[in-house]
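The structure is shown first, and the points follow by topic.

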Protein chains: 2
Amino acid sequence: MGKITKVSPLAPLSFPDLPVIDGVAFATAAAGVKYQGRTDVMLAELAPGTTIAGVFTRSKTRAAPVLDCQSKIGGASNAGAAILVNSGNANAFTGRNGVEAVEAITSAVAQTCGVPQSRVFTSSTGVIGEPLPHDRVTAAIGDLKSKLNPNGIAAAAKAIMTTDTFPKGASAKVEIDGKTVSIAGIAKGSGMIAPDMATMLVYIFTDAKVEQTALQAMVSDHTDKTFNCITVDSDTSTSDSLILAATGASGIDATESKSFSDALQGVMLDLAHQVVRDGEGATKFVEIDVTGAATDADAKIHAMAIANSPLIKTAIAGEDPNWGRVVMAIGKSGAAADRDRLSIRFGDIQVAKDGWRDPGYSEESAAAHMKGENIKIGVDLGLGEGHATVWTCDLTHGYIEINADYRS
Amino acid sequence: MGKITKVSPLAPLSFPDLPVIDGVAFATAAAGVKYQGRTDVMLAELAPGTTIAGVFTRSKTRAAPVLDCQSKIGGASNAGAAILVNSGNANAFTGRNGVEAVEAITSAVAQTCGVPQSRVFTSSTGVIGEPLPHDRVTAAIGDLKSKLNPNGIAAAAKAIMTTDTFPKGASAKVEIDGKTVSIAGIAKGSGMIAPDMATMLVYIFTDAKVEQTALQAMVSDHTDKTFNCITVDSDTSTSDSLILAATGASGIDATESKSFSDALQGVMLDLAHQVVRDGEGATKFVEIDVTGAATDADAKIHAMAIANSPLIKTAIAGEDPNWGRVVMAIGKSGAAADRDRLSIRFGDIQVAKDGWRDPGYSEESAAAHMKGENIKIGVDLGLGEGHATVWTCDLTHGYIEINADYRS
C-alpha cells in the first residue's frame, strides 16, 4: 500500500456480520512480505469432501499462483483442502522464481495442514515483477495453523487488502427443503479492475453440498453478470482469482437448487459492487444500463465503452451531466449503433431522444441527479432486445494521487 | 474552452514559420459561436483545380458536417473550393438541426465565394449535443471573404482551437525535378484523442499538383502511421476530420513522387505529435515502440493497450518506472503474447527480459529516465516480426481539472 488513504466515501457503514460456515476455519498473520504493522497472510482450511470451483483472469501475463490454481481446479475432492493468500507482492512476472515460490508455499501448507499439495490453492496480490520473499510466508504457516478459527473470516478479509480502503464481505442464507445453508464471501480489489473471466481476489464459502461440475457451472455463469460487469480503470490484473468452496458440512445438497444459485449470484454481485465502491479515488457509484442493443454482447460493449471513458468518468467527478460524451462513447465502441435512434437518460431524466437533445430536457434536473452519490446512466439503442448493466466509479484526483506513487 | 489553461509544458517554443501556399487564402473572425473575445471561425478559399482528399472518424455517432464532407470527397475538382470551420460547438448529435446548419453554412459560403456548394467543406468542433447557432457563422462570411489573405494560416490555426493550449502547424518543402513544392498544415486537438481512421481537425495544403485518387491514397496510408497512432485518453471524437488540399498552383505534378509522399507523412506525424504534446494535462511525451509481435496489427494492439492504460499513464506522471504495469497491459490487450519471452526497456535500460526482471536492472537508472520530458517504452514480444510505434502523454491532475468542468 503506497499510502494509507482515508476510507472511500462509498464504503458501507461497517463490515457485515458474516455467518460461520461449517467446515472452514481461518487464520491471519503479519508475515512482513512488504507491509509492516498489519496482517498480510491468511489461511483458510477446508474440511474433507469440500468441492472447489474457481474462475481466473484470462490475462496472457497471468501470475504463477494463478496458473497453479487453474491446474488444480476440478481435481478429486475427498481430501481436505487449504487456501493461502498473501498481500504486498503479486508473484507475477517473476519467472522461475515465481514457480519456486508457489511450490514452496503449497508444499509447506500441505505438510502443515495434512492435505494433498494438489488441494492447496495460493494467491498473491500486490506489486508485479518483484520476487516474492516466500520464506517469510512459509515461516508463518505453523503459527497460522495453530490459530485457525471458524470465526476468522472478517480478519481474513483485512489481511488480503492492498490499496483497498475497507474490507469486503457479503453473505446469504438459503432454504432448501426446509433446511438452511449459508454462503459467506470476501473480496479485495480497488485498482487494476476490469476483470476478464474472473476478478481480483474473491473467496466464497458455503456449507452446502454441491457437485464440483455444478459448482463450477454456477460460478462461471454468475461471473459474467457480476465481476465481469464492473470496471474501475479498464486495466486487467495479472492475478484475478475467484475461488468458491462448498464444504458440504450442512449435509444439504444444493447441486440442483435454483435458490442456492440465485443467492450465490447475489453474494457475488454484492462483493463486485463493494469493489467498485472502493475504486481508487471513487466518489460516485455509477450504474450503466444499456437496452435496445442488437445483442446482449453489443449492449455490454457499449456499456463498457461508457464505463471506461475517462471523459465520462471525469464529467461524473465534476457533477456535470455531459451526455454528449455518452454519445461519443457509443460512437467509438465498435458495436452496432444508429445515431438517430439513440436515447439517453441520467437517472429518470430523459436527456436525449431519437438522435438529439430531448425537447423537454432540463439541464438543472440532470445536474441535480449528478450531485447524488449514486449515478444512473441509461442508454437505449432502439435496435433490438440486447441488454447489459455494468457498474463503475468516477475518475478523480484521488486516482492520480494513489497511482502516481503506488510503488514508492 | 471551459477555462483558459496555461500553455502545455510540452509545447514547441513558438508557432513555426509556415510557407505561403499558392492557391490558398485564409481569413478568421470572432463570430461568438460560444467563446467571447477570440476568433472562432476560419475560412480557407482554394483556387480552381484544387484536388481534395480527406479522412474522417469512423464513429457511429459522427457529426452532420463530417457526413457532409465525406459525401463530397472525390467529387469533380475543376471549380474552386472552400473550407469553413467553427470552434465552440461540434454540431454533433444535433439531429435535423445539425443537417440544417450544415446546409445553411455551405450554401452561404458557396454563394459568397462563387464556388459550387458541393465543393464547400465545413467542420465544427466543441461541445456535443447543443444546436449550432449557425446564423452567427453565416453572418460572418461576408467579413471573412473580404479579409482573405495568403498569409493567414497562423491565425487560422488559432481560430480552430478548443481546449488546445497552443496552435499547431507544420510544413515541408520538396524538390521534384529541380523545382520546389511546399506543404503546410494546421491541426487542433487536445482531449477526446484516440483517432479511428482520421483525427481531430487537420487541414493540410500544398501547391503541388496531385491527382485526387493518388492524393486520397497518400493521406489514407499515412493516417494509419501518424494520427491513428496517437492517443491522449482513448476517447474517439465524433468530429475527427483531416482534409488535404492540393492547389496545383506550382504547376509541378507530384502524383507519382515518393519524396512528396514522404514529406507529407512527415508533416502529418509532426502535427500528430503536437496534438499529443498538447494532450490535456500532459507533462510527458511518451513513445511506445513494440517489436517482435506476431503481426503488425498485434504490435499496435499491444502498443495501444500500454498507451491507454490509466495505471501506466499515472505511473509516468509520478515518474515511477513501474514496468509491472506494462506486463499487465500486454496481458490484457488480447493480442498474442508469451509471458516468458517478453522483454521491456525504459529508454535504453533493459528492465525485464525473458519473462522476469533483468538481472542487471537498476531501479535508479530507470527512475532517472522517468524524470525526463520524453519517455520511451520499448517492448519486444519475442514472437515474430510485427512492429508498431505509438505516442501518448501522461495522465495527471491537469486532465481531471480540465474535464471535470469543461462544459461549465
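For the symmetry described here, copies are superposed by least squares on the C-alpha atoms of residues with pLDDT of at least 70 in both. The model is a predicted one. Chain A is superposed on chain B by a rotation of 180° with 0.0 Å of shift along the axis, at an RMSD of 0.0 Å. The two copies are thus related as by a two-fold rotation axis.

**Symmetry and the shared surface**

- The residue of chain A that comes closest to the rotation axis is A:H397, with its C-alpha at 2.9 Å.
- Both copies use the same surface, as 100% of the contact residues of chain A recur in chain B.

- Helix α10(A) spans residues 324–332 and is mostly covered, with eight of its nine residues buried.
- The buried residues are A:G324, A:R325, A:V326, A:V327, A:M328, A:A329, A:I330 and A:G331.
- Within chain A, the elements that cover these buried residues include the helices α8 (296–308) and α9 (310–317) and the strands β11 (343–346) and β14 (374–380).
- Chain B also takes part in this cover, through α12 (397–403).
- After α10(A) comes A:G334, which has a positive phi, near 100°.

**Packing of α9 and α10 in chain B**

- Helix α9(B), residues 310–317, packs with helix α10(B), residues 324–332, at an angle of about 160°, and the axes are 9 Å apart.
- Angles over 145 degrees count as roughly antiparallel, and α9(B) and α10(B) are therefore roughly antiparallel to each other.
- The crossing of these two helices, α9(B) and α10(B), is left-handed.
- From α9(B), the residues B:L311, B:I312, B:T314 and B:A315 meet B:R325, B:V326, B:M328 and B:A329 of α10(B).
- Classified by residue type, this contact of α9(B) with α10(B) comprises six nonpolar residues, one polar and one charged.

**Packing of α1 and α2 in chain B**

- Helix α1(B), residues 64–72, and helix α2(B), residues 95–113, have axes that come within 8 Å and cross at roughly 55°.
- That angle makes α1(B) oblique to α2(B).
- The handedness of the α1(B) and α2(B) crossing is right-handed.
- On the α1(B) side, B:A64, B:P65, B:D68 and B:K72 meet B:G98, B:V99, B:V102 and B:T106 in α2(B).
- By class, four nonpolar, two polar and two charged residues form the contact of α1(B) with α2(B).

Conventions. Residues are numbered from 1 along each chain as its sequence is written. Chains are lettered from A and ligands numbered from 1 in the order in which they are written. This is a predicted model: local features need pLDDT of at least 70, side-chain atom pairs count only at pLDDT 80 or more; totals for chains, interfaces and linings use all residues. Side-chain values use heavy atoms; hydrogens and water are left out. Buried means under 20% relative accessible area, exposed over 50%, partly exposed in between (1.4 Å probe, protein chains only). Helices (H or I, at least four residues) and strands (E, at least two) are DSSP runs, numbered from the N terminus. Contact means heavy atoms within 4.5 Å. Axes are lines fitted to C-alpha atoms, for helices over the stretch in contact, and angles run from 0 to 180 degrees between N-to-C directions. Angles under 35 degrees count as roughly parallel, over 145 as roughly antiparallel, 65 to 115 as roughly perpendicular and the rest as oblique. A crossing is left-handed if the near helix is turned anticlockwise from the far one by less than a right angle, and right-handed if clockwise. Ala, Val, Leu, Ile, Met, Phe, Trp, Tyr, Cys and Pro count as nonpolar, Asp, Glu, Lys and Arg as charged, and the others, Gly among them, as polar.
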